[in-house]
Every structure is written in structure tokens, then in C-alpha cells.
Amino acid sequence: MSVNNLTSQLPTHIEPFKWAEQGFKWSGEVPLSRFKRIAPEVCGSIDQHSVQVDVRLYMDEYQRIAWLDASLAVIVPLTCQRCLEPVDTPLTTQIHIALLKYEKQAERLDEDADFIVLGVERVEHGGAPEAPVIDLAELLEDELLLTMPLSPRHDSCENKYHEIVEIEDEPEPEKRDNPFEVLANLKGKLDS
């Protein structure tokens with residue numbers, strides 16, 4: 001099952017526990033268009049952009065926990081929130097996630113370890129539990145989305161869409177009577 005071929009495609013649906021047992025590895029480039037939730041955020045065409053992916057699934061023999069390690073890197077043009085022009089934004093992340101069958105397995109992990117419970121449900125009537133199948137590209141996209149800036153922008157840019165309006169000398173606003181003074185004067189007249 002070990003794959004290390006730059007020309008093959010990243011597998012879509014995998015059985016993570018089975019593949020971790022067999023020691024799955026894959027390296028290559030994945031077209032950005034395959035990441036359906038990131039693609040709409042890109043300013044301009046996505047055809048020339050691809051994500052560099054290195055991924056590995058393996059089983060921790062001591063704890064019998066499946067792990068997903070990956071590194072992802074891509075530079076995407078996003079819309080600068082200041083000038084509304086494209087800004088090349090690097091998205092990179094290192095992933096180290098435990099893939100758990102049951103939530104109870106999380107007790108065996110370090111306190112700060114990231115994990116996903118894939119939840120193999122018990123099958124009623126004595127049937128065997130079904131092995132979970134996950135979309136590997138979708139899982140990697142989730143992690144890449146977490147690296148996207150909320151407000152992409154250039155380090156410095158001119159905001160050419162905001163007009164600079166010169167403020168002319170405005171006439172002084174009319175002086176109005178203070179309502180409390182008016183009341184005080186009325187009270188004074190009534191008291192006299």
C-alpha cells in the first residue's frame with residue numbers, strides 16, 4: 001500500500017485504520033481546484049495553482065492508535081481587504097492528528113494532542129462493525145482552511161478605491177440655545 005509516486009493522484013476515499021496498518025505514504029501536487037471550499041476564495045484563475053502534499057498514515061504499535069502526519073503548502077492569490085487587488089498568500093501547515101475509533105481512546109493521548117473520532121458504530125443484531133471511510137482530500141482541506149487569514153492584505157498598499165475628500169472650511173454651526181438655560185430662565189420668570 002505504500003505509495004510514493006509524484007504522478008499518481010491523491011486517493012480520495014480511504015479506510016484510515018487499514019491504511020495506517022499498512023503504512024501509507026504519498027507525496028505530490030494536488031490541483032487547487034480539488035479543494036472545493038478554498039477555490040472560491042482565490043482571486044483569479046485557480047488552474048495554475050496546486051498544493052504540495054506529503055502525507056503519511058501509520059499505526060502506533062504501542063498504543064494501537066492510527067496517526068495522520070502531513071505537510072501542506074501552497075501560495076494562493078487572495079483579495080486584499082485594503083486595496084481589493086490580489087495578494088499572494090502562503091498557506092502552509094504541519095498536521096499530526098490521531099485517528100480514533102472511539103472517543104475513549106483519547107484518554108491515552110497527550111493532553112495537547114489533536115485527534116478526530118471516526119466513530120465505528122456498533123452494529124445491532126450481532127453484525128460486524130463497518131470500517132470507516134474518509135475523504136482524505138477533504139480532511140486535508142479542513143486543515144488548510146484553518147490557516148487562511150480572515151482578512152488577507154498586503155503589508156503596505158494604497159487603497160485606491162477610497163476617494164480622498166478635502167474638507168472645505170465649513171461655516172460655524174448656528175449657536176443654539178441651551179435647553180437647560182431656557183428652562184432656568186422660565187423658572188426664574190415664574191419665581192418672580
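1. In this predicted model, Asp 69 is buried, with a relative accessible area of 19%, a value that falls under the 20% limit for burial. Its salt-bridge partner is Arg 56, with the closest N and O atoms 3.7 Å apart. Asp 69 belongs to strand β4 and Arg 56 to strand β3, so the contact ties together parts that are 13 residues apart in sequence. Arg 56 is partly exposed, at 33% relative accessible area.

2. Strand β4 (residues 65-79) is largely enclosed by the rest of the structure, because twelve of its 15 residues are buried. On one side of the pairing scheme, β3 (residues 50-60) runs antiparallel to β4 and is joined to it by nine bridges; Val 55 has Ala 70 as its bridge partner in β4. Four residues separate these strands in their hairpin, where Arg 64 takes a positive phi near 55 degrees.

3. Strand β4 also pairs with β5 (residues 86-100), in the antiparallel sense and over 14 bridges. The bridge partner of Val 74 in β5 is Leu 91. The β4-β5 hairpin has six residues between the strands, and Leu 84 in the turn shows a positive phi of about 65 degrees.

4. The structure holds four salt bridges. Arg 37, Glu 141 and Asp 142 are linked in a network of such contacts. The Arg 37 to Asp 142 pair has an N to O distance of 2.6 Å, and it links helix α2 with the loop between β2 and β3, 105 residues apart. For Arg 37 and Glu 141 the N to O distance is 3.3 Å.

Conventions: Residues are numbered from 1 along each chain as its sequence is written. This is a predicted model: local features need pLDDT of at least 70, side-chain atom pairs count only at pLDDT 80 or more; totals for chains, interfaces and linings use all residues. Side-chain values use heavy atoms; hydrogens and water are left out. Buried means under 20% relative accessible area, exposed over 50%, partly exposed in between (1.4 Å probe, protein chains only). Helices (H or I, at least four residues) and strands (E, at least two) are DSSP runs, numbered from the N terminus. Two strands pair if DSSP finds at least two bridges between them. A salt bridge is a side-chain nitrogen of Lys or Arg within 4 Å of a carboxyl oxygen of Asp or Glu.
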